[in-house]
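Good morning, and thank you for coming.

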Amino acid sequence: MKYRNLGAAGVKVSNLCLGGMTFGEADESSFMHKVGSDEATAFAVLDRAVAAGINFIDTADVYGQDGLSERVLGTWLTNGGQRDKLVIATKFRFTMGEGANKSGGSRYRIIKCCEDSLRRLKTDRIDLYQIHAQDLAVAEDETLRALDDLVRAGKVVYTGCSNYAAYRLANSLWESKTRQLASFATLQAQYSLVARDIEREHVPLCRTAGLGILPWSPLASGFLSGKYEQGKPPAADTRLGQGDRYKRWDNERNWKIIAAVRAVASELSSTPSAVSLAWLLAKPQVTSVIFGARNLEQLDANLAAADLELTANHVDVLDKASAFPLGYPYDFIGANGVW
Ligand SMILES: NC(=O)c1ccc[n+]([C@@H]2O[C@H](COP(=O)([O-])OP(=O)(O)OC[C@H]3O[C@@H](n4cnc5c(N)ncnc54)[C@H](OP(=O)(O)O)[C@@H]3O)[C@@H](O)[C@H]2O)c1
């Protein structure tokens, strides 16, 4: 396992981060219903991930009903006594509970969400507290000030954001700098071989500002593991087998990407999962890749990415197979060598 600075922050995290969205068996009110792991399996995954060198775990209040993922993680932290070796990340912003203030990034909510997460996680600090998505109904400096107060109170160590438009993130960084408030160290964003949209604006912004990128759904919810076959329906017990989720990835471009990933995996005697994760690890602004593993077999396959070195040629093959239309002005300025 390799360790890197957490974006703009000094703390070191493993280049693979264990995602907690699968922790616990969620009921039908949750989007993770039927596709999570029971508590014993989640504990076994956590034990083995940490034994393999992972020191970074990401969750959110909204994963599983009533903070289920945080509760499972909190119980495991208490039982194992490993808290001080780990960097624990969680998020607030989406709907929890009832009433007019059941979601959002207001000061009122942030203070309450933080207390609730600390209680569920059974810890006295959150190492990386992230806003789960931008909130246009709240002035950014209200959000930043509330987070800054939590940092000063020692309840939060670093702050980060997720699912921000680039213009909003640039504005946020400017607000925190001019008002001398704790500034986001990381951006958590959807990023994978089949979802490269953030390369247009977010990646150059994070490079300029020194933020680390934490890709989420790096395997496109399992699609890039190579376990699906073109023309065949997904197995019903998989995440992509639920509802019409599979439709999102089942297209010609993505099957070409799968073919390239399989070819690289075969050359390296590796697996499509490890190759897909290693491609992200080869991207300079990526700090740590947040992957999911529903069981120990998936965990083992994904852990192999930590030490898999792709050659420049392999990265190039995968870049080309997953090329996407940049659109204006990126194609114009790129063609003129100024991007
Ligand atoms: N900030 C955000 O908005 C946001 C959004 C989503 C996720 N996240 C974070 O990112 C983490 C990872 O997201 P994700 O779970 O979508 O990531 P992912 O790694 O793209 O997908 C994980 C899923 O793919 C399947 N899978 C994983 N490894 C596999 C393997 N080796 N072979 C076959 N199937 C495999 C499993 O689903 P099945 O077994 O059911 O097929 C597993 O639950 C989450 O836990 C969460 O912490 C953040």
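In which loop is Q180 found? Q180 is found in the loop between α5 and β8. Helices and strands here are DSSP runs numbered from the N terminus, with at least four residues of H or I for a helix and at least two of E for a strand.

Before I continue, two remarks on the source. This is a predicted model, in which local features need pLDDT of at least 70 and side-chain atom pairs count only at pLDDT 80 or more, while totals for chains, interfaces and linings use all residues. Residues are numbered from 1 along each chain as its sequence is written.

Let me stay with Q180 for a moment. Q180 is not a glycine, yet its phi is positive, at about 55°. Q180 counts as exposed because 8 other C-beta atoms lie within 10 Å.

Is S217 buried or exposed? S217 is buried, because 21 other C-beta atoms lie within 10 Å.

The loop between β9 (212-216) and α7 (252-267) also holds K247. K247 is exposed, because 10 other C-beta atoms lie within 10 Å. Between K247 and P233 there are 14 positions in sequence, and their C-alpha atoms are 9.9 Å apart in space.

Y328 and P329 are joined by a cis peptide bond, with omega about 5°. P329 belongs to the loop between α10 (312-321) and α11 (330-335).

I turn now to the chain as a whole. The protein chain has eleven helices and ten strands. Its C-alpha atoms fill a box of roughly 50 × 50 × 35 Å along the principal axes. Of the 339 residues, 48% count as buried. Among contacts with a separation of 6 or more, 76% join residues 24 or more positions apart; a contact means two C-beta atoms, placed from the backbone, within 7 Å.

How many of the seven residues of strand β7 are buried? Seven of the seven residues of β7, which spans residues 156-162, are buried. On one side, β7 pairs with strand β6 (residues 126-131) in the parallel sense over five bridges, where pairing requires at least two DSSP bridges between two strands. L128 stands opposite Y158 in β7. β7 also pairs in the parallel sense with strand β8 (residues 186-190), over three bridges. There, G160 has T186 of β8 as its bridge partner. The chain goes from β7 through helix α5 (residues 166-178) to β8 in a right-handed β-α-β crossover. Right-handed means that, with the strands pointing away from the viewer, the path from the first strand over the helix to the second runs clockwise. A right-handed β-α-β unit is likewise made by β6, helix α4 (residues 140-152) and β7.

Strand β3 (residues 16-19) is covered on both faces, with L16 and L18 buried on one side and C17 and G19 on the other. β3 and β10 pair in the parallel sense over three bridges, and C17 stands opposite I290 in β10. β3 also pairs in the parallel sense with strand β4 (residues 56-58), over two bridges, with L18 and I57 as bridge partners.

Finally, the ligand. Its shell has 30 residues, the closest being G19, M21, L219, G222 and G292; a residue is near the ligand if its C-beta atom, placed from the backbone, lies within 6 Å. β10 (289-291) and α9 (296-303) each supply at least two residues of the shell, and α9 gives the largest share, three residues.

Terms used:
A residue is buried if 20 or more other C-beta atoms lie within 10 Å of its own, exposed if 12 or fewer, and partly exposed in between; C-beta atoms are placed from the backbone.
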